[in-house]
Amino acid sequence: MSSYETGAMSRRRPLALAAALALAALAGGCFQPLYGEGTVSRVGGNVRNAMLGIEVPEIKGLVGHYLRNELVFEFDGGGAPDRQKILKLTATTSESLEVITVDYANGRADSAILVATADWQLVRAGSNEVVASGQSVVRAPYERSQQRFASLRAARDAQVRAAKNLAQLIKARVAAALVSG
């Protein structure tokens with residue numbers, strides 16, 4: 001490299017850095033934290049407080065049981081059971097299995113994928129006005145064994161993982177739906 005090229009590059013670097021900082025400063029006012037104090041929710045107050053006010057009634061099925069427990073923890077951490085609930089999240093779950101590989105020697109599935117689906121709806125507690133609704137789907141793969149109890153435990157672990165993933169998806173979608181305008 002010649003000394004001219006080195007000098008030109010050293011002069012461009014501060015200009016590029018200044019331009020990047022100016023762009024970041026301009027864009028910085030456009031973004032706000034989702035769970036911050038200043039983020040106003042559609043139901044009043046901020047989003048974090050609105051999520052503390054969500055009641056999750058019983059959900060049928062094993063995945064539903066784990067999903068409800070995870071949602072209660074995701075929304076309020078289990079620390080505000082006596083707080084007045086202004087919203088109610090109802091959900092139904094369904095499961096199906098997809099077999100991935102089969103051992104043709106004995107005709108048994110070696111692995112499977114649990115497909116868990118949750119249809120949910122968030123309504124205001126007093127008026128039953130729908131605030132948000134949706135469907136979330138997750139897949140939880142697991143290995144199957146010739147040992148019966150090992151296969152049962154792997155399937156149960158897949159159900160628990162699916163419920164945790166569904167709860168995280170639903171929490172994110174509910175939080176996004178609660179943000180006003």
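Modeller: Start with a term. A nonpolar core is a set of buried Ala, Val, Leu, Ile, Met, Phe, Trp, Tyr and Cys residues joined through side-chain atoms within 4.5 Å. Keep in mind that this model is predicted.

Colleague: Which residues have the most contacts inside the largest nonpolar core?

Modeller: The general idea comes before the case. In soluble globular proteins, nonpolar side chains tend to be buried together. Here the largest nonpolar core has 36 residues. Ile54, Leu67, Leu71, Leu89, Leu122, Val174 and Leu178 have the most contacts inside it. Two or more core residues come from each of α2 (47-52), α3, β2, β3, β4 and α4. Helix α4 gives the largest share, 11 residues.

Colleague: Take Leu71. What does leucine 71 touch, not counting residues up to four places away in sequence?

Modeller: Leucine 71 touches Val56, Ile59, Leu89, Ala167 and Ile170.

Colleague: Let me step back to the whole fold. In what order do the elements run from the N terminus?

Modeller: The protein has 4 helices and 4 strands. Their order from the N terminus is α-α-β-α-β-β-β-α.

Colleague: How do I read the sheet? What is the order of its strands?

Modeller: Strands of a sheet pair through backbone hydrogen bonds, either parallel or antiparallel. In this model, 4 strands form an open sheet, ordered β1-β2-β3-β4, with mixed pairing. Strands β1 (54-55) and β4 (130-143) are at the edges. Each has a single partner strand, so one side of each lacks a neighbour in the sheet.

Colleague: Which pairs make the pairing mixed? How many bridges join β1 to β2?

Modeller: β1 and β2 run parallel, joined by 2 bridges. Isoleucine 54 stands opposite leucine 87 in β2. Next, β2 and β3 pair in the antiparallel sense over 16 bridges. There, serine 94 faces threonine 117 in β3 as its opposite residue. Last, β3 (residues 108-124) and β4 are antiparallel too, over 13 bridges. Isoleucine 113 has proline 141 in β4 as its bridge partner.

Colleague: Which strands do the helices touch when they pack on this sheet?

Modeller: Helix α3 (residues 62-76) touches β1, β2 (87-103) and β3. Its direction makes about 130° with that of β2. Helix α4 (residues 148-178) touches β1, β2, β3 and β4. The direction of α4 makes about 150° with that of β4.

Colleague: At what angle do the axes of α3 and α4 cross?

Modeller: The axes cross at roughly 45° and come within 8 Å. The crossing of α3 past α4 is right-handed. Residues of α3 that meet α4 include Tyr66, Leu67, Leu71 and Phe75. On the α4 side, Val160, Ala163, Ala167, Ile170 and Val174 are among them.

Colleague: Now a single residue. Is serine 111 buried or exposed?

Modeller: The cut-off for buried is under 20% relative accessible area. Serine 111 has 8% relative accessibility, so it counts as buried. Its place is in strand β3. Leaving aside neighbours within four places in sequence, serine 111 is in contact with Val99, Ile100, Thr101, Tyr142, Glu143 and Arg144.

Colleague: And across the protein, what percentage of the 181 residues is buried?

Modeller: Buried residues make up 31% of the 181. Contacts can be read by sequence separation as well. Of those with a separation of 6 or more, 61% join residues 24 or more positions apart.

Definitions and conventions. Residues numbered from 1 in each chain as written. Predicted model: local features only at pLDDT ≥ 70, side-chain atom pairs only at ≥ 80, totals over all residues. Heavy atoms only, no water. Pairing = 2+ DSSP bridges. Contact = heavy atoms within 4.5 Å. Axes fitted to C-alpha atoms, helices over the stretch in contact; angles between N-to-C directions. Buried < 20%, exposed > 50% of the residue type's maximum accessible area, 1.4 Å probe, protein only. Left-handed = near helix turned anticlockwise from the far one by under 90°.
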